[in-house]
Amino acid sequence: MQPALQLALLLAILLPAGKFAASFCTRFGIPAILGELLIGVLLGPGAVNLLHLHLFKGDLATGSLMLLAQLGAMVLMFMAGIETDIDRMREASVTAFIVALSGVVWPFLLGAAVGHLFGLSWTTSCFLGGALTATSVSISARTLMDAGRMSSPEATVILGAAVIDDVMGLFVLAFLAASSSTGTGEAFGVAPALSGWIQRRSAIAAAHPLAVQMTVITFCVSTFFVGGYGAAQRWLAPLMRQLRKISSNEAVPSCVLALVLLYAIGAEWLGSVAGITGAYLLGYVFAGSEFKADVERSFYAMGHGLLIPLFFVSIGLSSDYRALNGHWWLMSVMLFVAILGKLVGCGLAAAASGMDWVRSFRVGCGMMSRGEVGLIVTAMGASSGIFGQSEVAVMVAVVLLTTLLTPLALRGAYQLTSRQDLENVVSESLAAYGSTEEAHVSVAELPSALTESVGSRATGQNL
């Protein structure tokens with residue numbers, strides 16, 4: 001069968017299967033994305049092994065499917081950026097930084113300690129800890145979007161912390177790469193090229209490669225965020241007005257999608273951060289523009305109808321639990337550490353920043369899932385010979401399981417009653433009466449008003 005027809009058949013199988021599974025989960029109050037993930041697991045190497053059937057032999061169709069899935073991650077993060085509450089994001093910037101820092105330090109230390117307790121070398125243990133540092137914000141973003149929580153204070157902290165977390169994970173990755181003398185491979189982007197150029201021309205720089213890499217990465221990350229944000233703020237509105245003058249059908253969504261892809265490329269090439277970070281940055285700028293509603297409406301069908309489901313299904317398709325035979329204890333403990341590191345690290349940091357324990361728990365749940373950065377560290381450890389087959393299988397399983405658990409934990413955390421949520425509802429309800437005297441006169445009406453207001457914001461909460 002021709003590759004184009006193979007890809008067409010794969011899409012014809014995966015898209016409706018993912019949607020039916022998502023609908024089934026929704027009926028029982030389970031997050032929709034869990035259905036898409038589980039369909040991928042069932043069709044993956046551990047069960048049906050769909051991509052390796054004789055019908056789909058060859059790599060072109062399956063490779064194209066995975067590329068479409070990565071585009072889905074970029075579109076998802078762009079839409080998450082559009083739905084970001086800018087005012088709350090600015091208010092939560094300090095909290096997000098503290099949460100991100102704590103969410104990197106705790107998993108790294110706990111992961112390295114567990115690896116060493118299981119008899120692994122300190123180098124291998126540090127790579128295990130490094131793979132646990134970053135957060136896959138796309139999983140939490142989709143869960144928050146499906147639950148209608150994108151404007152909540154916790155969502156603002158989660159999204160902001162995850163972006164910062166991505167940059168911090170980059171520094172951990174640079175440290176591990178510099179400490180591994182066997183690390184090989186061709187790197188992409190300005191940072192590795194500039195770092196290598198400096199080291200070749202300076203004996204002092206060659207003697208201190210880690211310091212050079214950290215300095216160059218800091219410069220590149222700062223350049224991308226400042227330059228990318230400034231350029232979008234300055235030129236986005238004039239560009240959109242010009243695009244609206246194009247008479248071709250759906251010219252604006254097509255050109256905006258191209259811009260999303262360019263920002264994703266720029267994030268990888270100039271900023272040395274994940275491409276989804278660049279897509280989120282552009283969406284964040286759109287969130288404060290007059291074109292927000294039009295762009296969001298245009299991307300909704302394209303994202304949720306095609307690309308985003310493929311992203312979540314592809315995560316399940318890449319999993320193979322059979323490689324874990326004989327290493328279940330290591331996987332179980334690493335999974336526990338992966339969850340505890342984010343729950344405790346991010347949760348305590350959020351609590352120290354003034355959130356109550358329920359909101360802090362929600363932040364910790366939203367930061368649990370791992371993603372591409374964890375897999376990148378795992379691949380780097382495997383290519384350098386630091387990770388064996390068992391360590392690779394363990395880390396892939398941890399990434400997948402945290403991805404599966406995050407939407408369940410996050411949705412469950414929103415069923416808990418937060419004192420700060422109730423205080424906000426009371427304040428808004430009292431303000432709606434116009435004065436304190438009127439509020440006292442109508443105090444009998446307050447419980448029903450609170451119930452209605454809380455129910456509209458947090459379905460399923462118990463007062």
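Let me start with Thr62, which, once its neighbours within four places in sequence are left aside, is in contact with Leu10 and Leu51. What we are looking at is a predicted model, so please hear every value that follows as computed from that model. Thr62 is found in helix α3, which covers residues 60-82, and because its relative accessible area is 12%, under the 20% cut-off, Thr62 counts as buried.

Although Ala4 and Ala61 are 57 residues apart along the chain, their C-alpha atoms are separated by 6.8 Å. Is Ala4 itself buried or exposed? With a relative accessibility of 56%, Ala4 counts as exposed, because the cut-off for that class is over 50%.

Let me now step back to the whole protein. It has 21 helices and 0 strands, and of its 463 residues, 50% count as buried. If we take the contacts between residues at least 6 apart in sequence, 81% of them join residues that are at least 24 apart. The protein exposes about 20,900 Å², and carbon and sulfur atoms supply 66% of that area.

Which residues have the most contacts inside the largest nonpolar core? That core has 109 residues, and the ones with the most contacts inside it are Phe78, Phe286, Val295, Phe312, Met334 and Val363. Helix α8, residues 153-179, provides the largest share of this core, namely 11 residues. Apart from this core lies another one, of 16 residues, including Leu15, Leu43, Leu51 and Val313. You will remember Leu51 as one of the residues in contact with Thr62. As general background, nonpolar side chains in soluble globular proteins tend to be buried together.

Leaving aside neighbours within four places in sequence, Phe286 is in contact with Phe78, Ile82, Leu236, Met240, Val256, Phe291, Lys292 and Val295. Two names on that list, Phe78 and Val295, are also among the residues with the most contacts inside the core.

Turning to the outside, there is a nonpolar patch on the surface, formed by Val94, Phe97, Ile98, Leu101, Val105, Trp106, Leu109 and Leu348, which together have about 730 Å² of accessible area. Which helix gives the most to this patch? It is helix α5, residues 93-117, with 7 residues. Val94 is found in helix α5, and because its relative accessible area is 57%, above the 50% cut-off, Val94 is classed as exposed.

I will finish with the backbone, and with two loop residues. Phi of Asn49 is near 60°, a positive value in a residue other than glycine. Asn49 lies in the loop between α2, residues 32-43, and α3, and with a relative accessible area of 23%, Asn49 is partly exposed, because that figure falls between the 20% and 50% cut-offs. Glu250, too, has a positive phi, near 55°, in a residue other than glycine. The place of Glu250 is in the loop between α11, residues 209-243, and α12, residues 251-269, and at 58% relative accessibility Glu250 counts as exposed.

Note on methods
Residues are numbered from 1 along each chain as its sequence is written. This is a predicted model: local features need pLDDT of at least 70, side-chain atom pairs count only at pLDDT 80 or more; totals for chains, interfaces and linings use all residues. Side-chain values use heavy atoms; hydrogens and water are left out. Buried means under 20% relative accessible area, exposed over 50%, partly exposed in between (1.4 Å probe, protein chains only). A nonpolar core is a set of buried Ala, Val, Leu, Ile, Met, Phe, Trp, Tyr and Cys residues joined through side-chain atoms within 4.5 Å. Helices (H or I, at least four residues) and strands (E, at least two) are DSSP runs, numbered from the N terminus. Contact means heavy atoms within 4.5 Å. Patches are made of residues with over 30% relative accessible area and no salt bridge: like charges are joined within 9 Å, nonpolar side chains (Val, Leu, Ile, Met, Phe, Trp, Tyr) within 5 Å. Accessible areas come from the Shrake-Rupley method with a 1.4 Å probe; for residues, only the protein chains shown count as cover. A salt bridge is a side-chain nitrogen of Lys or Arg within 4 Å of a carboxyl oxygen of Asp or Glu.
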